[in-house]
Amino acid sequence: MNEMNTVNERNVTHEAGQKGSVNPNVRFERDAVYIGGTPVILLCSSLFYFRIPRGLWKDRLHKVREAGYNAIDVYFPWNHHEREPGVWDFGGERDVEAFLKLAAEEGLWVVARPGPYICSEWDGGALPAHLLTDRSMRLRDNDPNFLRATDRWFSRILPILSRFELGKDGTVIAVQLDNELDFYDCQDPSGYISALRDMALAYGVSVPLFACAGQGDLYRATGHAEGVMPTCNFYPNDREPAFEDKVVRYAQTLGGRGYPLCVTETNRSHFLLRRLLAGGAKLLGPYLQASGTDFGFTNAINNWGKPLAFLTSDYDFHGMITPGGAKREEFYEGRLLGGFLRSMGSSLAKAATVPSFFSVQTDLTVSAGMRYVLALDGGGYVIALPNVDGKDGSAALHGDGQVIPQYTSLRLAPDRCPLLLYEFPLQHWGLEGRLRYSTAEPAAVRSSEQKLILVLTAEKDAESEIALSVPDAAVVADGGAEVYRNEQELVLCYRPGAEGCTEIRLGDGSLLEIRLLERHRASRLLEILPGGELRFEEETAGEGEASESVAEAETLNWRKVTLPLGGAALPQRWLELGDQAVHLEEAGIYRGMAWYEAKRREPAKQPVVGVLLQDAGDILSVYTDGTYAGTVIPGGGHAYIPLDPPAVVSDLLIRAEIWGHTNFDDSILPGLRLNALKGLSRAVMVTRQVSPMSNWNFQTCSPKQAGEPLAAGELDPGFCSIQSWGGWMTTRLPESGIYWKTFTASADADRWVLHVPGAACVVRVYVNRQYAGEIVQSLPFVDLTPYIDRDGEIEIALYLERRDHQAAGRVMLYEGSDAVHWRVAGCQEEQLWQASEEAAGQAAACELPVPLLPGEWAWLQTELPAGLAAKCRKLRCEGRSMKITAFFNGHLVGRVWLEGAGVRPHMTGGGQDVIYLPEPWYREGSSRLSLLVEGAGDDAELRRVAFMPV
């Protein structure tokens, strides 16, 4: 499967429930995670091959290892490999085997997460969009249709994961089934997870299986399926004072089931990871430590916005490695934590969290973490002191007949959680005696037969105190330490800024060498060489992300090609639909851009006052008879676009774009349901808009339930008053009543839709005494058409119920006719790049800034010379109300939507104006950058494209 593997669908069968063998190299036990028989703490960074160009996989894997991590977790997106139904691709940028080989070569263990659903802010959570056309299928559930589809995916990915397990060809140590199922309304979690387990076993997976809980509901996440380990995803406020109590409780709950606490996702700060470690977690899995990019049409939409959010192409939650591969300061915090874990080894890996025997005297908040200690295997303790206040403070430990420290002060810096040793047997490191306590933290250890080198670290401006109980010890060199002695112990005190090398000769002739480094210096420590020298990472000026522009970019030559009418010339193949529109997935368009064409039903005599789109998403721009009418973002619902002025319309063009299928199921908007379709179901040419706000018949009534019919006496003209919509009704709470009036339907209309925008209360709709639906604040439309007899009058009754006089909104009735004679065509990455290449010959020179009219489309193209392409670059688009789809040498590298006067969704996930140009995708000589730009407002303008190093 290393070369391109595109094959037609084939039938795959296996014996359901067939039991596989158990991999002897990996065990997740109550007390520890065992790899090759050795207990370990897994420090696990998420790293996603599908968001990083293949040419950079090795670099990112190496950086994760260099940061002190020993494992990665990897999603495997189903729809990344099955882009069309039954056509599979595991080659090139999708070569899973090549990625797993590199991970093994780098010495990183792999936690594999093949779904079928992965979330990950990825298009549809990785579920292929073609599944959504089966409206009877229950996604992510014990549904035969969904399980058969999942089996097609598992039959391809699981044999690869099995072959690359630890002890075989790779380093896969665990496989996750689904993802955060407790966030989803799965009807049968036990049956579903059990079915996935049986598939995994049948396809040869022998490493442990697990399922993660996103909100802590272990049953809904796993169904308590036999042989499936529950894990937890925690996303707290890093400074939550009581957080460790939650961690300890879950550790105890899972321990009672025979499992360790594995935190498979959490925040990226190593401050929080230290708190998790102190609470008993055995796998620390910060999510998105290695950032990436959603190349192509792989973005998602979700509920992070107001309430709808579009995910940026820049996929960066500010973890330790940027999308361009730069190291942030958190990278070096990882190195410190990794150094501590390696120094402590199996004694820490098998540690248990117990109540502390110290009281902490401090001017800071005494967090829950200060009430526990880690009892190490073989003796000794780790004391965690998290500072959750965000300000400097100090602390002293009282208990066990002593006060620590004795001669110095213990400073706690903000957002730090030092891990201090207490009564630690030096035998762990091959020497006699004990490290009684240390207010500096172990960063590295090198032990030989007669010498132990211990590197400790502390804050730059903090004092440090190390107490030792070693037989017949003699200080050979104090290394800047103040030395205090009594019969029981030897105490070394270091003042702020001290970096010493203290040598202590033990009675048996062995040598203990203590080296103290301030935190910044220790975080650059790579290793202790065999001769005892310390090797550090070379620091360069301006570490981290660069922000300066590249001057050469100002001299680039730009060319422009204006596209006719919303880019409708881009697609090559059209699918005839007849008189009924269909959603894009039903037309075989699963991602990217699409164009609908339709006509008005004849005879077209009345002016059209607006266009109503139904069941529409994600982005739709409407053109009537060659004139741009507007752009809407309906979130899967309806949207009305008024025409100003009204016009007798014949032809309708609707440009639709799938920004992404939702990665997170939410009922707040139709477009946020996991099975939501894109495009639209119909368009109505509205010929009359009525806004009846006054002179409604009104009478109070008792509260009514949804679907409940109207009683005979509830619409009685003899007992009603005449009121404006939404006025004061009664002093009773909830206040409830019915408004009604009649309308005469137009003879040439065939569609009627009620719209009540701004309603923050209950509004239920009745047409000719039949219940027609309910107005929802996020979807304030109800289609009245099925209940209307066009030959008579229409009686509309609106039941209103509210507390505290919530807004009732405005009432509008749209009347018109459905558009007919539909056809549709789509364009994906490859077709758009081909179109940009064909347009290059027609391009005319231009200079930035480039303004566009609302709804206008154009290609902007330039060549990047070899000098500019010497390094990876990112570009920042500066301007207003401009939507940009960027192509670079054949790759769709990003989508950007600049703020301005026009309609724009809430954007989230990373840099909203940043596009990354990966080094492996540059060409020798010049490289072509093509920007497909669209005017999204009256002030649409691309002022500047600033190129920056990464």
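Which residues does Gln-289 touch, not counting residues up to four places away in sequence? The legends below start there. The model shown is predicted.

**Figure 1. Gln-289 and its contacts.** Gln-289 touches Ser-45, Ser-46, Tyr-69, Arg-268, His-270, Gly-319, Met-320 and Ile-321, leaving aside residues up to four places away in sequence. Gln-289 sits in a loop, between strand E11 (281–286) and strand E12 (292–293). Its relative accessible area is 0%, so Gln-289 is buried.

**Figure 2. The largest cavity.** The whole structure holds eight cavities of 30 Å³ or more. H8 has the largest share, with three residues. By type, the lining residues are nine nonpolar, three polar and nine charged.

**Figure 3. Two cis peptide bonds.** Most peptide bonds are trans. Here, a cis bond joins Lys-306 and Pro-307, with omega about 0°. Pro-307 belongs to the loop between strand E13 (301–302) and strand E14 (309–311). Another cis bond links Gly-617 and Asp-618; its omega is also about 0°. Asp-618 falls in the loop between strand E38 (608–614) and strand E39 (619–624).

**Figure 4. Positive phi at Ser-881 and Asn-889.** Most residues other than glycine have a negative phi. Ser-881 has a positive phi, near 50°. Its loop runs between strand E57 (873–880) and strand E58 (882–888). Ser-881 counts as buried because its relative accessibility is 1%, and the cut-off is under 20%. Asn-889 also has a positive phi near 50°. This residue lies in the loop between E58 and strand E59 (891–897). Asn-889 has a relative accessibility of 9%, so it too counts as buried.

**Figure 5. Confidence, and residues 1–18.** The protein averages a pLDDT of 93, and 96% of the residues score at least 70. Over residues 1–18, the pLDDT is below 50. In the model, this stretch has 44 contacts beyond near neighbours in sequence. Where pLDDT is low, predicted coordinates should not be read in detail.

Definitions and conventions
Residues are numbered from 1 along each chain as its sequence is written. This is a predicted model: local features need pLDDT of at least 70, side-chain atom pairs count only at pLDDT 80 or more; totals for chains, interfaces and linings use all residues. Side-chain values use heavy atoms; hydrogens and water are left out. On a 1 Å grid over the protein atoms alone, a cavity is a set of points where a 1.4 Å probe fits but cannot get out, and a pocket is an open set with protein on both sides within 12 Å along at least five of seven lines; lining residues have an atom within 4 Å of a point. Grid points are joined across faces, edges and corners, and a volume is the space filled by probe spheres set on the points. Helices (H or I, at least four residues) and strands (E, at least two) are DSSP runs, numbered from the N terminus. Ala, Val, Leu, Ile, Met, Phe, Trp, Tyr, Cys and Pro count as nonpolar, Asp, Glu, Lys and Arg as charged, and the others, Gly among them, as polar. Buried means under 20% relative accessible area, exposed over 50%, partly exposed in between (1.4 Å probe, protein chains only). Contact means heavy atoms within 4.5 Å. pLDDT is the predictor's confidence in each residue, from 0 to 100.
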